[in-house]
Amino acid sequence: MKNWVTRVSCRMEHEPLHPPISQKMHWQPGLSFRHFNYTTIMENIRCSGASLTRISRSPVLPVIQGSAVSVVKPSPPAFVGAPMENSKASSFIKGLAFLGVMRTAGAPFERVKLLMQNQNEMIISGRLPKRYNGIFDCFATTIRNEGILSLWRGNIAFVTASFSSEVIARAIHHYVNGREDIEWTHTRLQVAIFLSAVVNQFLVYPLNYAGTRMANDVITSSNSRERQFNGIFDVYRKTLKSDGIAGVYRGFNVMIPKIAVLRAVTAVSKPWQKFLLHHFQGIVLGRAVVNTFYASCRSMAIYPLDTVIRRMMMTSGAVKYRHSLHAITCIFYNEGVKSFYSGAKAQILALAVYQVYGLCLRYVVGVLRRKNTGDK
């Protein structure tokens, strides 16, 4: 009797009197529930020139355990509340709005980057009389000849591409999570993420093409108001008439190695970035500098491939390059290695501006949130 009392007291001392709710759910034969950790799986499937990365966190994502991945089944409908779903949808819409504001704010730097990146191609085609003497000369010349609002030319196509990319990424994300019949090993998961990125870019590539052609449609003097394209649909109409559907996707084959390089560089640099962000925890400016530095490194790693893509886009309607390797060879021998990084300074400046705008928006949102809380 004494030993039994001792065992009972030890059990009550080290274990709760009632089992946790998760164990109760696990014991029910009609429910399937497993303990899991919230892990980061899905990375941005969008790969634009700025190579911004979005990471999704969800309690129904696969859980990595060693080399295998076990898919966590979503909770039954009885345990899923409508307010949570509404909050997720609201958060997604706010994220899209934030993305649109950021893209619009950085549009002038994006256009200058594209003008610098493709100026040699425009000179060859006769659309530009001479080279720009740097990003500030590009800003001044564009404003003088076309007006300050022209710095946002092509932004509608780029913002639409960003929105579409986010929606497609979210749809693919939910589809992958719903495939409970697949054993998600680490290799299969990486292949799935890579293929989903390729599919995403294939669907939004025509929008990026239209934005690129409109951004590089310059007016050479303040007296001449003639443009090559009168809008997004005019870009598609003229391209399909001259080159067919292949003209809209010219340069897409270079997008595949670009995505692969970006994922490899991100995988290598991400641990160091997380380490520095943890070191600068609580220092807003330090975290912004770290994020800008690593975003710039990743962007510069894929910038030559992005240059080839943009240059091949510019040849639609007047085909010059037979294929991507021919384009790389021509640019290398005729213009030198430096030409692959033309406009890189504007790209780095755009990434820094994105961080500054992000800090300002977060500060304003925080102030408004504290004000509303105080009013209540």
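Predicted model: local features only at pLDDT ≥ 70, side-chain atom pairs only at ≥ 80, totals over all residues.

Colleague: What makes the contact of Arg153 and Asp217 a salt bridge?

Modeller: Their side chains meet at 3.2 Å, N to O, and a salt bridge is a side-chain nitrogen of Lys or Arg within 4 Å of a carboxyl oxygen of Asp or Glu, so the pair qualifies. The pair links distant parts of the chain, 64 residues apart, with Arg153 in the loop between helix 5 and helix 6 and Asp217 in the loop between helix 7 (186-215) and helix 8 (232-242). Asp217 is buried as well, because its relative accessibility is 0%.

Colleague: What counts as a helix here?

Modeller: Helices (H or I, at least four residues) and strands (E, at least two) are DSSP runs, numbered from the N terminus, and on that basis the protein has 13 helices and 2 strands.

Colleague: Where do Arg237 and Asp234 lie, and why do they get the burial labels they have?

Modeller: Both lie in helix 8, 3 residues apart, which is about one turn of the helix, and their side chains form a salt bridge at 2.6 Å, N to O. Arg237 is partly exposed because its relative accessible area is 48%, whereas Asp234 counts as buried because its value is 10%.

Colleague: How do you know that Asp306 and Lys258 form a salt bridge, and what does the pair tie together?

Modeller: The distance between their side chains is 3.0 Å, N to O. Asp306 lies in helix 11 (residues 284-313) and Lys258 in helix 10 (residues 255-279), so the pair ties together parts that are 48 residues apart in sequence. The whole structure holds 13 salt bridges.

Colleague: What makes Ile143, Ile148, Leu149 and Trp152 a patch?

Modeller: Together they make a nonpolar surface patch of about 410 Å², and patches are made of residues with over 30% relative accessible area and no salt bridge, where like charges are joined within 9 Å and nonpolar side chains (Val, Leu, Ile, Met, Phe, Trp, Tyr) within 5 Å. The areas come from the Shrake-Rupley method with a 1.4 Å probe, and for residues only the protein chains shown count as cover. Trp152 counts as partly exposed because its relative accessibility is 35%, and Trp152 lies in the loop between helix 5 (135-146) and helix 6 (155-178).

Colleague: How many disulfides does the structure hold?

Modeller: The structure holds 0 disulfides, a disulfide being a pair of cysteine sulfur atoms within 2.5 Å. As for individual cysteines, Cys138 is buried because its relative accessible area is 0%, whereas Cys297 counts as partly exposed because its value is 36%.

Notes. Residues numbered from 1 in each chain as written. Heavy atoms only, no water. Buried < 20%, exposed > 50% of the residue type's maximum accessible area, 1.4 Å probe, protein only.
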